[in-house]
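Subject: The structure you asked about

Hi there,

Here is the structure for you to open alongside this note. Have a look around first, then read on for what turned up.

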Amino acid sequence: MLIAVIGASTASFAACTATSLTTAPGVWGLEAYGQNGSGVLVNDLIQATFASGGAFTGTEWESVGGTVTGPTTISGTWAMVSPAADCQGTITVTSPSTQTFNFALNNTNKGLTLAQIDTGYTMGGFGVAQGVIAGGACTNLMEKNKLFSLYSNGTIPALGLVTGTGELKFGTTGTTIAALPTLTLDLGGAGNLISSGTGTSNLNSNCTGTGSLTATPGGVFDVATVVVDAGKEMLFLVTNSGDNVSGYFLQ
């Protein structure tokens with residue numbers, strides 16, 4: 001669960017190794033949010049595959065000041081800081097641009113926290129391992145009839161800072177979200193709203209996807225998604241032009 005990313009149990013400690021990020025299948029979902037070197041708000045969603053030997057490839061969706069791009073192919077390097085048992089390391093994106101992050105793994109090696117260390121940047125975030133997906137590929141049916149809590153935060157033009165929480169229930173095919181009056185949205189200048197949420201979702205076999213959530217009242221939010229935690233979580237980035245909003249669904 002995502003809680004494990006930010007709060008590790010004190011009952012035991014599983015030491016990390018030089019290959020912790022590559023534990024099969026070596027795929028992680030990553031989110032980061034903050035400001036770039038020009039003081040512009042940036043929001044990133046990444047699916048990364050970490051390989052032995054210190055390389056990674058991935059796909060990124062990004063909003064820079066509300067200009068949304070992606071999916072974009074990225075690549076780079078990663079390494080555990082010696083000794084690897086301390087569970088810390090670095091991730092450097094080398095293409096399409098160079099950016100470096102320090103990370104710290106949690107005590108199950110299934111989650112991590114991120115901080116960008118490039119001069120002038122103020123970016124932080126987290127990552128969750130994809131885990132083992134039943135059948136080896138994601139499908140819409142893996143989410144059928146499941147109830148997820150939702151969390152989001154970011155900025156929307158004319159409204160400023162926005163946050164959201166609530167419950168979403170997927171339908172019998174996993175491609176629809178039923179109307180439930182359980183969304184609480186703080187939409188800045190629009191105030192606090194109690195909304196129902198309906199929508200659609202489509203997952204690709206590689207565990208990326210797209211969706212659309214209609215909050216009534218509130219508006220329509222299109223998203224890119226990355227499935228993690230063996231299907232129990234989905235990270236998302238809002239892809240509406242002008243928005244800098246991200247979050248996650250948690251079963």
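To begin, how many bridges pair strand 9 with strand 10, and in which sense do the two strands run? There are ten bridges between strand 9 and strand 10 (residues 160–169), and the pairing is antiparallel. Please keep in mind throughout that this is a predicted model. Strands 9 and 10 form a hairpin with three residues between them, and Ala158 in that turn has a positive phi of about 75°. Within the pair, Asn153 sits opposite Thr163 of strand 10.

Eight strands make a closed barrel in the order 1-2-3-4-5-6-7-8, with antiparallel pairing. From one strand to the next, the twist averages 30°. As an example of the pairing, strand 1 (residues 27–35) and strand 2 (residues 41–51) run antiparallel and are joined by nine bridges. Gly34 stands opposite Val42 in strand 2.

The model has two disulfides, and with the bonded cysteines numbered in sequence order the pairing is 1-2, 3-4.

- Cys16 and Cys87: the sulfur atoms are 2.0 Å apart. The torsion about the S-S bond is about 105°, so this disulfide is right-handed. Cys16 lies in the loop between helix 1 (3–6) and strand 1, while Cys87 lies in the loop between strand 4 (67–80) and strand 5 (88–95), so the pair ties together parts that are 71 residues apart in sequence. Both Cys16 and Cys87 are buried.
- Cys138 and Cys207: here too the sulfur atoms are 2.0 Å apart. The link is right-handed, with 90° about the S-S bond. It connects distant parts of the chain, 69 residues apart: Cys138 is in the loop between strand 8 (122–129) and strand 9 (147–156), and Cys207 is in the loop between strand 12 (192–203) and strand 13 (208–216). Cys138 has a relative accessibility of 3%, so it counts as buried. Cys207 is also at 3% relative accessibility and therefore counts as buried.

The largest cavity holds about 260 Å³ of space. Of the 25 residues in its lining, Leu150, Ser152, Leu213, Phe221 and Phe236 lie nearest its centre. Strand 13 gives the most to this lining, with four residues. By class, the lining of the largest cavity has 17 nonpolar, eight polar and no charged residues.

The second largest cavity has a volume of about 140 Å³. Its lining has 13 residues, and Leu30, Ile46, Val93, Phe101 and Leu114 are the closest to its centre. Strand 1 gives the most to that lining, with three residues. Which classes make up the lining of the second largest cavity? Nine residues are nonpolar, one is polar and three are charged.

Finally, a pocket. The second largest pocket has about 170 Å³ of space. By class, the lining divides into five nonpolar, six polar and one charged.

Happy browsing, and write back with any questions!

Best wishes

Terms used
Residues are numbered from 1 along each chain as its sequence is written. This is a predicted model: local features need pLDDT of at least 70, side-chain atom pairs count only at pLDDT 80 or more; totals for chains, interfaces and linings use all residues. Side-chain values use heavy atoms; hydrogens and water are left out. Two strands pair if DSSP finds at least two bridges between them. Axes are lines fitted to C-alpha atoms, for helices over the stretch in contact, and angles run from 0 to 180 degrees between N-to-C directions. A disulfide is a pair of cysteine sulfur atoms within 2.5 Å. Buried means under 20% relative accessible area, exposed over 50%, partly exposed in between (1.4 Å probe, protein chains only). On a 1 Å grid over the protein atoms alone, a cavity is a set of points where a 1.4 Å probe fits but cannot get out, and a pocket is an open set with protein on both sides within 12 Å along at least five of seven lines; lining residues have an atom within 4 Å of a point. Grid points are joined across faces, edges and corners, and a volume is the space filled by probe spheres set on the points. Ala, Val, Leu, Ile, Met, Phe, Trp, Tyr, Cys and Pro count as nonpolar, Asp, Glu, Lys and Arg as charged, and the others, Gly among them, as polar.
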